Amino acid sequence: MPTDQPELEGPKAACETFIQQTKLLTSLASAFVVAPVLVKPDSIEVTGWLLAAEIALLVSLLAGYVTLAAVAGTQHKGKFNVYAPTIRVFAHAQFFPYVIGVALFLYWLVGERVPPT
């Protein structure tokens, strides 16, 4: 007789996948926060676009940590539900600022280098 309950295997696997995705987005957001220094080490001009991108990426980063804490809290209760309202709110608060931050960063990187015609 197995010790694990078979009805929890699917939700546990979903939680593990969700945790890995959250950690990946957190790592990527961290990389983009320091990317301006790596891309333009000699001449970083802090413009509105770069500042907005950095703020969005920091929001994504912090929301990722809160998302991981929310998942840990539900797992501590013995629930493995990645669709819990708290988890979903903070997961969205991580994903959408990340996408916006990357788009703004790319605009700062490429858009401001193109001379106006």
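The structure is a predicted model. The protein has 3 helices and 0 strands, arranged along the sequence in the pattern α-α-α. Of its 117 residues, 33% count as buried. Among contacts between residues at least 6 apart in sequence, 83% join residues at least 24 apart.

**Packing of H1 against H2**

- Helices H1 and H2 pack at an angle of about 155°, and their axes are 9 Å apart.
- Because angles over 145 degrees count as roughly antiparallel, H1 is described as roughly antiparallel to H2.
- The crossing in which H1 passes H2 is left-handed.
- On the H1 side, the residues that meet H2 are Cys15, Phe18, Ile19, Thr22, Lys23, Thr26, Ala29, Ser30, Phe32, Val33 and Pro36.
- On the H2 side, the residues that meet H1 include Leu50, Glu54, Leu57, Leu58, Gly64, Tyr65, Leu68, Val71 and Gln75.
- The residues of this contact divide into 14 nonpolar, 7 polar and 2 charged.

**Packing of H1 against H3**

- The axes of H1 and H3 come within 11 Å and cross at roughly 25°.
- Angles under 35 degrees count as roughly parallel, and H1 and H3 are therefore roughly parallel to each other.
- The crossing of H1 and H3 is left-handed.
- H1 contributes Phe18, Thr22, Leu25, Thr26, Leu28, Ala29, Phe32, Ala35, Pro36 and Val39 to the contact.
- H3 contributes Ile87, Ala91, Gln94, Phe95, Tyr98, Val102, Phe105, Trp108 and Leu109.
- By type, the residues of the contact of H1 with H3 comprise 16 nonpolar, 3 polar and no charged.
- Phe32 of H1 takes part in the contact with H3 and also in the contact with H2.

**Aromatic pairs and the aromatic cluster**

- A search of the whole structure finds 5 aromatic pairs.
- One of these is formed by Phe32 and Tyr98, which are edge-to-face, with 6.3 Å from centre to centre and 70° between the planes.
- Phe32 lies in helix H1 (residues 9-39) and Tyr98 in helix H3 (residues 85-111), so this pair ties together parts that are 66 residues apart in sequence.
- Tyr98 is buried, with a relative accessible area of 13%.
- Phe32 also pairs with Phe105: the ring centres are 5.5 Å apart and the planes stand at 70°, so this pair is edge-to-face.
- Since Phe32 belongs to H1 and Phe105 to H3, the pair ties together parts that are 73 residues apart in sequence.
- Phe105 is buried, with a relative accessible area of 3%.
- Phe32, Tyr98, Phe105 and Trp108 form one aromatic cluster.
- Each of these four residues is also listed in the contact between H1 and H3.

**Thr74 in helix H2**

- Thr74 is found in helix H2 (residues 48-76).
- Thr74 has a relative accessibility of 16% and counts as buried, because the cut-off for burial is under 20%.
- Leaving aside neighbours within four places in sequence, Thr74 is in contact with Lys79 and Ile87.
- Ile87 is also one of the H3 residues that make the contact with H1.

Conventions
Residues numbered from 1 in each chain as written. Predicted model: local features only at pLDDT ≥ 70, side-chain atom pairs only at ≥ 80, totals over all residues. Heavy atoms only, no water. Phe/Tyr/Trp six-rings, centres within 6.5 Å; stacked < 30°, edge-to-face > 60°. Helix = DSSP H or I, 4+ residues; strand = E, 2+ residues; numbered from the N terminus. Buried < 20%, exposed > 50% of the residue type's maximum accessible area, 1.4 Å probe, protein only. Axes fitted to C-alpha atoms, helices over the stretch in contact; angles between N-to-C directions. Parallel < 35°, antiparallel > 145°, perpendicular 65-115°, else oblique. Left-handed = near helix turned anticlockwise from the far one by under 90°. Contact = heavy atoms within 4.5 Å. Nonpolar A, V, L, I, M, F, W, Y, C, P; charged D, E, K, R; others polar.
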